Amino acid sequence: MKRNQRNQTVNVISTVALVTLFAKLLGIVRESLQARAFGTQAAADLYTTANNTTIYLFTTVAYALCIAAVPILTPRLRRDRREGCAAACNLITITVLLSVLAAAGWIAATFTPWVGSLWEGSAQETAQLASYIRIMALTLPVIVLTYLLVAFFQSLEHFVLQGSMSIPYNLALILFLVLFAGRLGVGGYVAAVALAWLLQLAMTAPYAVRERFLLRPALDLRADYVRTFLKTAVVTVLTTSIFLFCYLQDSGMTAQLPGSPVSAFYYADKLFTPLTTTLIYSISTVLFPKFSQEYASTDRATYLRYIWNVLRSTLLLILPVSVVLAVFGTPIVQVLFEGGNFGADSTAATGSIFTIYALSMAGFCTLDLLSKAYYTMEKTLEPLLVNGGILVCNWILNRLLGPRWGGAGLAAATAISITAGGVVMAFLLLRGAGPIHAAQLAKSLLAAIAMGCVLYGSTGLLLSGLEGKMMLVVKCAAMGVVAMALYALLMLLTRQADFLALLRRNKSQ
């Protein structure tokens with residue numbers, strides 16, 4: 001029975017990962033077209049700044065609200081469907097009302113000197129930025145409503161929704177960039193982005209019909225779970241948004257450094273985030289509700305060893321992917337973005353940042369999984385302190401490394417801070433699990449490093465820098481396949497237990 005459940009979980013994760021990957025690839029196509037249309041010039045920087053302070057921030061906060069709602073809704077829906085639906089309607093009503101107030105405050109702030117602090121440019125550019133922020137601020141209630149509905153359906157084990165809901169959003173924006181970007185410019189794109197969020201909300205409609213769920217506004221601030229939800233949400237905003245806040249620190253400081261365009265960080269992030277979250281969030285989306293089941297049915301030490309096994313198995317996949325992306329960082333940017341207004345200088349700046357960001361994937365993964373393990377135990381202090389420490393560490397390292405190495409130094413500060421935070425959180429959580437054997441994880445890490453060294457050396461021999469995009473794709477893909485085969489061979493030679501178990505599981509299917 002356990003083997004069947006494990007195989008079913010792997011199949012669900014695979015499905016979610018494939019759907020999410022497709023959506024993320026569409027997002028990368030969208031970003032590629034955007035880069036070609038707007039480049040890294042002042043107009044693109046205005047869009048980037050407006051997006052960073054509105055939609056990017058709003059979606060991260062809304063995702064945190066989604067995570068905070070799942071542990072509240074899941075047990076209530078399993079105990080009594082009517083009770084769970086009532087709790088969902090209440091939480092949705094509360095958060096949407098708060099989001100309306102927040103959006104109004106955001107718009108009001110654009111009429112104050114706050115906007116001037118975001119942009120060091122002409123008065124005309126500052127006014128343009130304020131108008132972009134006003135348009136994008138209107139999306140906040142829609143984003144919050146969408147993610148709270150996702151939490152409800154995720155609690156009913158509809159895991160594909162979260163990965164698929166951005167598909168029509170990306171398709172609509174791709175069509176805009178192809179057909180109207182030249183005519184309507186950045187201003188038209190801002191409006192299109194805001195309107196496209198209605199398509200993401202519309203993706204929840206089929207699930208509402210299937211579950212016969214009707215959203216009935218309800219407001220009960222005295223419900224026993226409201227305080228827990230708000231408390232968890234506040235902490236979760238920080239712990240799930242840690243890379244966002246580091247990225248905002250980086251992009252904010254790069255505006256003060258000569259020769260480091262803000263948009264280079266924007267495009268590096270738009271590559272790093274989807275590629276990183278496709279696998280990590282696919283795994284955590286499916287396993288997060290299962291953490292509660294495991295915690296309720298076993299003792300604390302057994303639960304922590306279960307979390308360690310999940311983390312170790314996940315890093316088995318993340319480490320080689322991180323290395324491959326780091327080695328091919330600049331070629332990936334060249335293939336996807338270079339062209340039109342996005343020239344060789346933009347490729348070099350964006351590629352160096354993306355390469356360094358890619359090295360933080362293991363730390364990012366560790367923080368995400370272990371934070372959710374803490375939330376299942378209804379503990380929020382440790383994740384809060386660790387992620388607060390990451391922000392402080394990143395702020396300090398930015399000021400030490402940024403002036404010396406520019407954008408690359410700022411990206412290195414983030415990679416170091418997030419990786420160190422993952423190590424610290426693992427130590428704090430797993431110290432109560434009894435003896436933890438790290439030999440299998442060490443094998444994965446050493447194999448990934450060896451693979452990376454071979455791959456990096458091969459690029460110097462096989463890539464001349466004069467290849468066309470198609471030939472560059474062929475060469476990098478071939479080297480990547482060989483590198484992954486080398487990683488698998490090293491796993492076999494060192495008898496890495498997690499890798500062998502994965503092979504046996506696939507063979508049994």
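I started with A69, which sits in helix α3 (residues 55-79). Helices here are DSSP runs of H or I with at least four residues, numbered from the N terminus. This is a predicted model, so I kept in mind that local features need pLDDT of at least 70 and side-chain atom pairs pLDDT 80 or more, while totals for chains, interfaces and linings use all residues. Residues are numbered from 1 along each chain as its sequence is written, and side-chain values use heavy atoms, with hydrogens and water left out.

Is A69 buried or exposed? A69 counts as buried, at 0% relative accessibility. Buried means under 20% relative accessible area, exposed over 50%, and partly exposed in between, with a 1.4 Å probe and protein chains only. I then listed what A69 touches, leaving out residues up to four places away in sequence: L91, L148, A151 and F229. Contact means heavy atoms within 4.5 Å. I also checked A69 against L230: they are 161 residues apart along the chain, with C-alpha atoms separated by 9.3 Å.

Next, R30. I found R30 in helix α1 (residues 2-38). R30 is buried, with a relative accessible area of 12%. Neighbours within four places aside, R30 contacts Y169, N170, L173, I174, L177 and Y189.

Then L271, in helix α14 (residues 262-297). L271 has a relative accessible area of 1%, so I noted it as buried. Beyond four places in sequence, L271 touches I28, I332, V333, L336, F337 and F354. L73 is 198 residues from L271 in sequence and 33 Å away in space, C-alpha to C-alpha.

I moved on to a helix pair. How do α17 (residues 344-358) and α19 (residues 381-430) pack? Their angle is about 15°, and their axes are 8 Å apart. The axes are lines fitted to C-alpha atoms over the stretch in contact, and angles run from 0 to 180 degrees between N-to-C directions. That makes α17 roughly parallel to α19; the label covers angles under 35 degrees, with over 145 roughly antiparallel, 65 to 115 roughly perpendicular and the rest oblique. From α17, I353, I356 and Y357 make the contact; from α19, G407, A408, A411, A412, T414 and A415 do. I sorted these residues into 7 nonpolar, 2 polar and no charged.

Last, helix α21 (residues 469-493). Its 25 residues reach 36 Å from first C-alpha to last, close to the 36 Å expected at 1.5 Å a residue. In α21 I noted buried residues including L472, C476 and M479. R495 follows α21, with a positive phi near 50°.

Note on methods:
Helix = DSSP H or I, 4+ residues; strand = E, 2+ residues; numbered from the N terminus. Nonpolar A, V, L, I, M, F, W, Y, C, P; charged D, E, K, R; others polar. Expected span 1.5 Å × (residues − 1).
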